[in-house]
Amino acid sequence: MFMPLRQLTGICAMAMALLFLASCASPIPRDGFRTGALPQEVTFWKPWLLNSSRTPYRKLWVEIDAVQGAEPPQAWLDELSAFLKAQCDKPDGIRVVRGNSIPLAEAASTSITSLALKYLDGPPPGSAFLYVMYYNSALNPALKTANPHAVVFPYPCAVFVDRNYNEAGFGDVLGNLILKHEAAHLVGAARDPSHGDGAHCRNKPCLMNPTFLYVPEMVALGLSPTPQDHFCADCLADMARWRATPPSPELRFNGPFLARRAQGYSVMTLPNTVHLHLGSAASLPISQIRTAVRQAAAGPLRSREGFILSVSADGDPASVRAALAAAAQDPAGPVRQAAAAFEAQLAAQPDMPRITIP
Ligand SMILES: [Zn+2]
Ligand SMILES: [Zn+2]
């Protein structure tokens, strides 16, 4: 761990997200590193390859939403674009596009998840996708103050940045680097446990170390206030390996959803949300599924980790039951929990429910 020269402020952002997922199994010690491996449900499908590799998507679309007053400067977005162009193999281009400006009043009484589910538009067809939302918990007291973080499960392509979080520390001075750090989580930097914990890098001068060394006096001298403005050779090697590795053919962006096809069912994810579709993936009813997710978000069904769960079914009862049996064995816990809830609904109802659990 760094000894502070002047001020030490952590951005163990991903670590915090994972703490939420697996606080009992894998505690985060004081130095910001995990003591255990990333959960299998986070890593087994290697979703970051969709954004790193040129297959199946030769383009990457990055949507930047912001609550009014928290919009990121264009320079940060330009740096993000340059980083992704260097580290992802997308020969048909990378577009970083400002999306919705969310009214302050809209964010006055809701959660980040609700805002994302309402405002996330998703990529145009044929593009991989990253989602970034900026907000400022100082302007929106209803939004909890949170460390900027990349979400690695269940929708491992989203970054949430609270502009307020680091105000007392390095604040906006490092806003460009924080955005790059979070985006790098989503294209596989530091994922190799040989030089870190599978999330962050042990090399102290690396941008993927969980702790920033920050020397504010350097700004007055016109110098970088941190030595951690670049990725180490190990993290660069991670990203180089991932961009040369094709993802599983079962992974797709489908509208705004990140979809994983399995035996007789599909797992459709959005921020903090898992939808299980039992039936063919050939004609996923995306608009119906989106409606089901909206209903579920207002309903009571949550996974043990607090994820919003919903289920849809399409097909003859025998094939739906076969898909349900397979989903009950899925590697991801929230999918198994959604399957169990649907099973209970089937048991309580003589006719096969066609669409959703709450
Ligand atoms: Zn991090
Ligand atoms: Zn590194």
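**Note on the predicted model**

1. Ala190 has 29 C-beta neighbours inside 10 Å and therefore counts as buried. The structure under discussion is a predicted model, and within it Ala190 has a positive phi of about 65 degrees although it is not a glycine. Its place is in the loop between H6 and strand S7 (211-214).

2. Asn272 lies in the loop between S10 and S11, and because 24 C-beta neighbours fall inside 10 Å, Asn272 counts as buried.

3. Two peptide bonds deserve a look in the backbone. The bond from Thr55 to Pro56 is cis, with omega near -5 degrees, and Pro56 is found in the loop between helix H3 (49-52) and S2. The bond from Phe153 to Pro154 is also cis, with omega near 0 degrees, and Pro154 has its place in the loop between S5 and S6.

4. As to the overall make-up, the protein chain has 11 helices and 12 strands, and buried residues make up 48% of its 358 residues. Of the contacts in the protein chain with a separation of 6 or more, 71% are accounted for by residues 24 or more positions apart.

5. One open sheet is formed by five strands in the order S3-S2-S4-S6-S5, and its pairing is mixed. Strand S3 (94-102) and strand S5 (149-151) are the edge strands, each of which pairs on one side only. Neighbouring strands of this sheet are turned by 20 degrees against each other on average, direction ignored.

6. S2 and S4 pair in the parallel sense over seven bridges, and the partner of Ala66 in S4 is Tyr134. Five bridges join S4 to S6, again running parallel, with Tyr135 bridged to Asp162 in S6. S5 and strand S6 (residues 158-162), by contrast, run antiparallel and are joined by three bridges, and here Val151 has Ala158 of S6 as its bridge partner.

7. Helix H4 (residues 74-87) touches strand S2 (60-67) and S3, and its direction makes about 145 degrees with that of S3. Helix H5 (residues 112-119) touches S2, S3, S4 and S6, and its direction makes about 130 degrees with that of S4.

8. S4 itself is mostly covered, with eight of its eight residues buried. Ala128, Leu130, Val132 and Tyr134 are buried on one side and Phe129, Tyr131, Met133 and Tyr135 on the other, so that both faces of the strand are covered. Helix H6 (residues 175-185) is likewise mostly covered, 10 of its 11 residues being buried, and among them are Lys180, His181 and Glu182.

9. The largest nonpolar core has 98 residues, and those with the most contacts inside it are Ala183 and Leu276. Strand S4 (residues 128-135) gives the most to this core, with eight residues. Because domain 1 (7-243) and domain 2 (251-348) both give residues to the core, it lies between them. Leaving aside residues up to four places away in sequence, Ala183 touches Leu80, Phe83, Leu84, Leu130 and Val159.

10. Another open sheet of five strands has the order S8-S9-S10-S11-S12, also with mixed pairing. Strand S8 (251-254) and strand S12 (308-313) stand at its edges with a single partner strand each, so one side of each is left without a neighbour in the sheet. The twist averages 25 degrees from one strand to the next. Strand S10 (residues 265-270) and strand S11 (residues 273-278) pair in the antiparallel sense over six bridges, and the bridge partner of Val267 in S11 is Leu276. Helix H10 (residues 317-327) packs on the sheet, where it touches strand S9 (257-262), S10, S11 and S12, and its direction makes about 140 degrees with that of S11.

11. Because it has 16 C-beta neighbours inside 10 Å, Met218 counts as partly exposed. Not counting residues up to four places away in sequence, Met218 touches Leu223, Ser224 and Pro225.

Terms used: Residues numbered from 1 in each chain as written. Chains lettered and ligands numbered in written order. Predicted model: local features only at pLDDT ≥ 70, side-chain atom pairs only at ≥ 80, totals over all residues. Core = buried A, V, L, I, M, F, W, Y, C linked by C-beta atoms within 7 Å. Buried ≥ 20, exposed ≤ 12 C-beta atoms within 10 Å, placed from the backbone. Helix = DSSP H or I, 4+ residues; strand = E, 2+ residues; numbered from the N terminus. Domains from an automatic or database assignment. Contact = placed C-beta atoms within 7 Å. Pairing = 2+ DSSP bridges. Axes fitted to C-alpha atoms, helices over the stretch in contact; angles between N-to-C directions.
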